[in-house]
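Please read them with the structure open beside you.

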Amino acid sequence: MASESNSFKKRDRLLEIEVAVRKWWEDEDVFRAESRDHIPKPGEKFFSTFPFPYMNGYLHIGHAFSLSKVDFASAYHRLRGANVLLPFGFHCTGMPIKASADKLSREIQQFGNPPVFPAQDNQAPQVQEESSDTPVALPGQFKGKKSKVAAKSVGLTDSEIARFQDPYEWLYYFPPLAVEDLKAYGLGCDWRRSFVTTDVNPFFDAFVRWQMRKLKSMGKIVKDCRYTVFSPLDGQPCADHDRATGEGVQPQEYTLIKMEVVKPFPLKLGSLEGKRVFLAAATLRPETMYGQTNAWVLPDGKYGAYEISETDRSALNLAYQNFSKIPQKPSCLVELTGYDLIGLPLRSPLSVNEIIYALPMSTILTNKGTGIVTSVPSDAPDDYMALHELKTKPDSRAKYGVKDEWVPSDIVPIINIPEFGDKAAEKVCLDLKIQSPNDKDKLVEAKRLIYLKGFTEGTMLVGEFVGRKVQEIKPIIKKKLIESNEAIIYREPEKSVMSRSGDECVVALTDQWYITYGEAEWRKMAEECLSKMNLYSEETRHGFEHTLSWLNQWACSRSFGLGTRIPWDEQFLVESLSDSSLYMAYYTVAHIFHDGDMYKGSKSLIRPEQMNDEVWEYLFCDGPYPKSTDIPSAVLSKMKQEFDYWYPLDLRVSGKDLIQNHLTFFIYNHTALMESRNWPRGIRCNGHIMLNSEKMSKSTGNFRTQRQAIEEFSATATRFSLADAGDGVDDANFVFETANAAILRLMTQFKWMEDVLAAESSLRTGPPSTYADKVFENDMKIAIRLTEKAYKDCLFREALKNGFYDLQAARDEYTLSCGSDGNMNHDLILNFMDVQTRLIEPICPQFAEYIWRKLLKKEGSVVTAGWPTSNEPDLVLKSANKYLQDSIVLMRKLLPKQLLGSKKAAKKGAQVAAVPAGKLKGLVYVNEQFDGWRAHCLEILQSKFNQQTCRFAPDAEIRAELSEILQKEGLAENVYMPFVKFKKNEAISIGTQALNLRLPFGEIEVLESNKDLIKRQVGLEEVEVYSASKPDDVSKAGPHASLLKKNPPSPGNPTAIFVAR
């Protein structure tokens, strides 16, 4: 409890520091970004942005993780002297807020105000949002099953919550809370430029209208009928950010095979007499229909006889694809179960068998396709195993009343696949030892092995296309089936998609406005832009290239939600991913509209109606000066200057999930609307973030809002842990233990600085002179260089390692080497404090600022203090110090063994000799040059190493030369090859210097210069350093000299002998 209380004290101290620093920054307007009246030179300015978050709740740690990347990068550039703009806006467009408000309204209408929910509803299934990137907040007031706003609010009374039935109430409630949290977090933002979207903000509304009109005038927005994922409840397309689950899911096209039921109909189908009745099966492989032996149904599945399809789900999809008599309303004629369908005789297109039967299959998924499955056991492992079980298990047939004559006796070979033959499913199931239809993992592997190979290399064995490749005739067979009316095209989402309103989405054929992404010339421009961008990782580049390869027309209009009206068709709204692709340009002039009022811009000298298309064209697209405008010319010129100075955008940071939509739209829109000089320069993507190695989830409680994290750990420790969580596009991990450890580390550093500065007069004065001084000074130079490179590359975990962890270790090593604080050099220690404060500033700015002003008594703010300068580090000195430290570690491990006289160690050839306890002397023997067979090996390796490619000649060539020379000396391969292998790997890693006969520094000199350190760290009274190549020196070892023969020293590996003094 004492340590926990102490930890809280340190955390609370950090929170106090953050409050004080925030006031300094606000009083001094530290992050205010102003343009200059010239076009900036490279590196002079840095403009970066983060995708504005949805405002239907509090920001969470997932937002903070992505945001930290752009914040750290901006802080680094600001520190090194760039003019930095980091703005922050709030996205309110689309369905998230509207869906939440509507849900609350329904709850109040159904359960009263405040709602009193039935007890059983506490266990009612809820739509879980798939991504942790959607804002959420803390629990609120309503009891029992929480309403949407109650789950996202704090401190509201029941009567106040009722106000949130109005979606616009959310816009005025959550953005100010987000600003407060981001200020507490320490975001280096110019808050004058903040704004909300939708028509609540008339300036942004005018901006989006201009953007849409311009795209339409360029022919890049068209009206068309296309298939899209659609929410029946909302009555409109459901784009990625309108979804609770299923982001990125696209329509999947199937061929719907019509298998006609042969009359007479069974009793259950009696009401359908006089109609043609079909079982409809969705397939991705129409070319395999020749091999149908039966159809499958799910015995317990719920089916229906519709005038268009078989199951409720697929019927709804087809109804929205213009296949129902009443558009969007499937009509069910008879409700059925799978049991009712078992044994139905069917005529199926292309089947070699004239009649096939519907048979039971327990593994059918009714959330995919129609629930009716064609059976092709020659090429489908699932079909083969299900049929095999039905044939070999009479009990299974009896359970479902399956007659023997319904079960096909033979498999019909239809495709020959190299390596798998003409019964590929049978072969792969036998090869993988699949025992039953329930061996799901093995069946997935079986399909992986044969499906792609069957498509790319398979050859048809039956039908009119005998001898032709499957991939050639697949589209031909599909076309013939459709033209003969034996099949139709059917579409459904690739996997389940749930809208934020809570309904399962379908695929609908909709007539609406589309942006023509994917158009050939436009795509070329997007690819050109991408090729010139810094994407920080190859994975990110591949992600964009893949998206550009498939992205097509995008539905940009919606009927419901919040946002801007389509200017030429005001019954529709601009959807949320289409009003957020160019707003980075809006940031450059937003402060002139808003200046702290993120809504109406009450302080603005400009009226929204003055922002017509001519003005936007002038500002952003090099259009002519708008002569008709009544905006004061000075104001207009200032706005133009702002855009011309800050653009192009230097860095956009986002989660990798936005590559497939927003980020690619961002590239497309900039290439269409702006000159190439203003195309974006960089995008840095990251993965999602886990908490304590588990997926962040609201339902499990493994979740933190940004506000909670700051309260629990402080903003400083939260930022530290976000930097430590991980770089790259893989999922990162925010670890609570790291945050708690950061509190202790940082406050320990703070206390150490206070103590040293309090005793500053006791420090050694004069220039750095000792070996330890030089090493410490060199370590700081290395840290400065490596940390700068990490920040430039947006590798913030690496920056934290080099600029904090490694630098702290260097400081600790220096204090240990000095022996006491009085031996530390005054100038070096103060320089360390300065360097450490600057290097950690981008990650922990509040902590650094406080140290800068209060402890170091520096003028101005650390955020603009400049990057620390240094000369080139001495890499030889670095190697020498590593040699020293490694040698000390070796001696410390060896001493107890020699004191104990370990027999076990002696048998293994370790340097062991019995030494009496008491005062000890260390004799350290060095051999500074490889000789003998080792020298021969290195000379041969030198001759076989290519310095440009860092590669060796073939092993066989090296072995032959080694064998010729060394075996003459009686050396076997097992003696010299381990040494050769080690040196080869070292040379590939660090270069040709690994093959030198000597180290690049004098070992004896290094050890002699650090005798006192060796004595202190190893616990010796005396240390003597000798050369193992000098007989007189070897004789000093006396009776212990035999150890030098058993374990001779070599360059980089001294041998220590401990004797009584």
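**Notes on the model**

1. D29 counts as partly exposed because its relative accessibility is 39%. The terms work as follows: buried means under 20% relative accessible area, exposed means over 50%, and partly exposed lies in between, with a 1.4 Å probe and protein chains only. D29 sits in the loop between α1 (2-28) and β1 (45-49). Its phi is near 50 degrees, a positive value in a residue other than glycine.

2. Some ground rules come next. This is a predicted model, in which local features need a pLDDT of at least 70 and side-chain atom pairs count only at pLDDT 80 or more, while totals for chains, interfaces and linings use all residues. Residues are numbered from 1 along each chain as its sequence is written, and side-chain values use heavy atoms, with hydrogens and water left out.

3. On confidence, the average pLDDT of the chain is 89, and 92% of the residues score at least 70. In residues 120-145 the pLDDT is below 50, and this stretch has 88 contacts in the model beyond near neighbours in sequence. pLDDT is the predictor's confidence in each residue, from 0 to 100, and a contact means heavy atoms within 4.5 Å. Residues 902-913 also have a pLDDT under 50. For that stretch the model has 22 contacts beyond four places in sequence.

4. On the overall build, the chain contains 35 helices and 31 strands. Helices (H or I, at least four residues) and strands (E, at least two) are DSSP runs, numbered from the N terminus. The C-alpha atoms fill a box of roughly 115 × 85 × 60 Å, taken along the principal axes. Of the 1061 residues in the chain, 56% are buried. Among contacts between residues at least 6 apart in sequence, 76% join residues at least 24 apart.

5. On domains, the chain is divided into domain 1 (251-493), domain 2 (721-868) and domain 3 (892-902 + 914-929 + 1003-1060). The bounds come from an automatic or database domain assignment. The centres of domain 1 and domain 3, taken over C-alpha atoms, are separated by 81 Å.

6. On backbone geometry, most residues other than glycine have a negative phi, and most peptide bonds are trans. Please look at S693, which is not a glycine and has a positive phi of about 70 degrees. S693 lies in the loop between β24 (689-691) and β25 (694-695), and it counts as exposed because its relative accessibility is 52%. K263 and P264 are joined by a cis peptide bond with omega of about 5 degrees; P264 is in the loop between β6 (251-261) and β7 (278-283). Another cis peptide bond joins Y647 and P648, with omega of about 10 degrees. P648 is in the loop between α18 (633-646) and β22 (651-655).

7. Which residues does S348 touch, not counting those up to four places away in sequence? They are I257, M259, Q292 and I356. S348 is in the loop between β11 (345-347) and β12 (356-360), and it counts as buried because its relative accessibility is 11%. N353 is also placed in the loop between β11 and β12, but N353 is partly exposed, at 28%. Leaving aside neighbours within four places in sequence, N353 is in contact with Q292, T293 and V412.

8. L828 lies in helix α25 (residues 826-840). Its relative accessible area is 3%, so L828 is buried. Leaving aside neighbours within four places in sequence, its contacts are P768, D773, F776, E777, M780 and Y814. L828 and L763 are 65 residues apart in sequence and 9.9 Å apart in space, C-alpha to C-alpha. For R106 and P42, which are 64 residues apart along the chain, the C-alpha separation is 55 Å. R106 lies in helix α3 (residues 96-111).
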